[in-house]
Amino acid sequence: VWAFRCISLKGDMIGSVPWKVQRRVDGAWRDLDFTHPAEALVNRPNGHWSRADLFKLVSMHLDLAGRAYIAKERGPGLGGREILSALWTLNPDNTRVLGDVNHYIGGYEHTRPGGGVTTTYAADHGCRIGHMDPSDAQRSLGATEAASYPLDTEVAAQKHQKNTLDNDARPAGVLTLDRHMTQAQRADAETKFEDRFKG
């Protein structure tokens with residue numbers, strides 16, 4: 001819970017940062033007197049998302065999986081020329097990088113969860129951002145993967161606690177004896193048992 005809260009909050013903060021295209025003039029960065037197409041695209045990456053949505057998803061994918069993929073959608077522009085018209089994030093768990101003999105990345109293959117529909121993107125129709133894994137340059141390492149042991153321990157402890165509460169704070173199992181007990185001995189054993197496990 002706390003790990004997801006941190007990752008979500010970080011994504012919100014990154015998504016709230018203004019983004020603009022500037023030009024360097026005489027050694028200083030200056031705003032343009034028009035809206036640059038790249039700025040317009042990032043601020044409204046597609047018909048459903050804002051810049052904040054795109055940046056938050058990329059940030060969360062980086063923290064959770066160590067890598068983020070952005071698919072670039074192209075459409076017709078002025079004069080029939082093809083232009084970059086939309087940006088979409090791809091689920092990193094369902095995306096794989098296609099190798100190439102001559103290039104570092106030959107393309108991307110994304111399989112839609114549930115539907116099984118696979119889409120292949122050329123290398124220039126996608127973008128990969130990743131946290132470098134020091135043990136393997138081709139791989140990425142997410143923050144949650146690096147911290148997987150304490151996170152898994154926390155999750156296991158929460159599950160154990162919930163199961164205990166669901167079981168009325170009594171451990172699972174049956175207590176058996178190989179001899180007969182009197183009513184007083186049984187009542188005493190039950191009291192001690194509850195004091196030990198329920199108290």
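Housekeeping before we start. Residues are numbered from 1 along each chain as its sequence is written. In this predicted model, local features need pLDDT of at least 70 and side-chain atom pairs count only at pLDDT 80 or more, while totals for chains, interfaces and linings use all residues; side-chain values use heavy atoms, with hydrogens and water left out.

Strands here are DSSP E runs of at least two residues, helices are H or I runs of at least four, both numbered from the N terminus, and two strands pair if DSSP finds at least two bridges between them. Strands 3 and 8 are joined by five bridges, and A71 has G126 as its bridge partner in strand 8.

Now, what packs together? The largest nonpolar core has 10 residues, including W49, F55 and I70. By core I mean buried Ala, Val, Leu, Ile, Met, Phe, Trp, Tyr and Cys joined through side-chain atoms within 4.5 Å, with buried meaning under 20% relative accessible area (1.4 Å probe, protein chains only). Helix 2 (37-43), helix 3 (51-65) and strand 3 (67-76) each supply at least two residues, and helix 3 gives the most, with four.

Take L54: beyond neighbours within four places in sequence, L54 is in contact (heavy atoms within 4.5 Å) with P45, W49, L87 and T89. Apart from that core lies another, of five residues, among them Y69 and Y108.

Methods:
Buried < 20%, exposed > 50% of the residue type's maximum accessible area, 1.4 Å probe, protein only.
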